[in-house]
Structure formats: structure tokens, C-alpha cells
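Please consult the sequence and the structure while reading.

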Amino acid sequence: MSRLAASTPSNDEEGSSFFEKERDRLTTQIAAAFEDLLSQSNVLNRQLEQVAGVGRDFETVAALWGRFQDLMKEQQAEVDVAATDPHGVPGTGTALAGRASVLDRRDEEK
């Protein structure tokens, strides 16, 4: 029995050393994977911040185009109202065209 008792601790030491080596290897592998995960999440975070920044840059352009569209709608409404006016559409020269024909008629009458 002394042989068995003497050999058992050496087997436990070999087993625990293998276990410790395997544990250390797996711990190192897990730590490396976490570092890679952290690095990749930082890259993703920077890219998302860039996308959000580009979106914020376009807000002012979108607001400008929105105001332009509102202005064009107002002008179109004014043109629609003025088109029914017998004096013509302001800014297009139609009012003058009507006056020119009246002036031409006056010259013809003389």
C-alpha cells in the first residue's frame, strides 16, 4: 500500500498541472477574445457616431429645402390667384401685354 499511496500524489500533481495548464490556456484565449470583442465594439461605436453626425449635417439642408418648398407653394398659390386676375400675372409681363394692346388700339384710332 505504500506504493499506491506514494504514487497517488504524483498522479494528482500531474493531473492538476495539466488542469492548470489547460485552465491558463483557456483563460488566455478568453481574454484575447474579449479584447478583440472590445476592439470591434469600439470600431462599431465610432462608425455609428459618424453615421449620426452625417445625419445631423443633413438636418440643416433638409430644413432649407423644406423652406424652399413652402415658398414655392406660396408663390404657386399667388400665381393661381393672379391668373384669374384680368390684369395678368405679376412679374410675367402679361399686364404690360394687355396694356400694349390697348395702346396699339389708341394709336390705330388716331
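Of the 110 residues in the protein, 4% are buried; here buried means under 20% relative accessible area, exposed means over 50%, and partly exposed lies in between (1.4 Å probe, protein chains only). The model is predicted, so local features need pLDDT of at least 70 and side-chain atom pairs count only at pLDDT 80 or more, while totals for chains, interfaces and linings use all residues. Residues are numbered from 1 along each chain as its sequence is written, and side-chain values use heavy atoms, with hydrogens and water left out.

The accessible surface of the protein comes to about 10000 Å², and 60% of that area belongs to carbon and sulfur atoms. Such areas come from the Shrake-Rupley method with a 1.4 Å probe, and for residues only the protein chains shown count as cover. The secondary structure comprises 2 helices and 0 strands, where helices (H or I, at least four residues) and strands (E, at least two) are DSSP runs numbered from the N terminus.

The whole structure holds 2 salt bridges, a term for a side-chain nitrogen of Lys or Arg within 4 Å of a carboxyl oxygen of Asp or Glu. In general, side chains of opposite charge can pair when their charged atoms come close. The two pairs are listed below.

| Salt bridge | N to O distance | Relative accessible area |
|---|---|---|
| Arg-25 and Glu-22 | 2.4 Å | Arg-25 42%, Glu-22 26% |
| Arg-23 and Asp-24 | 4.0 Å | Arg-23 43%, Asp-24 43% |

Arg-25 and Glu-22 are 3 residues apart in helix 1, and therefore about one helical turn separates them.

A nonpolar surface patch of about 610 Å² is made by Val-54, Phe-58, Val-61, Trp-65, Phe-68 and Met-72. Patches consist of residues with over 30% relative accessible area and no salt bridge, with like charges joined within 9 Å and nonpolar side chains (Val, Leu, Ile, Met, Phe, Trp, Tyr) within 5 Å. Met-72 lies in helix 1, which covers residues 2-83, and Met-72 is partly exposed because its relative accessibility is 39%.

The count of aromatic pairs is 1. Trp-65 and Phe-68 form this edge-to-face pair, with 5.5 Å between centres and 90° between the planes. Rings of Phe, Tyr and Trp (its six-membered ring) pair if their centres lie within 6.5 Å; planes under 30 degrees apart count as stacked, over 60 as edge-to-face and the rest as tilted. Both residues belong to helix 1, 3 residues apart, or about one turn of the helix. Trp-65 is exposed because its relative accessible area is 55%, whereas Phe-68, at 43%, is partly exposed.
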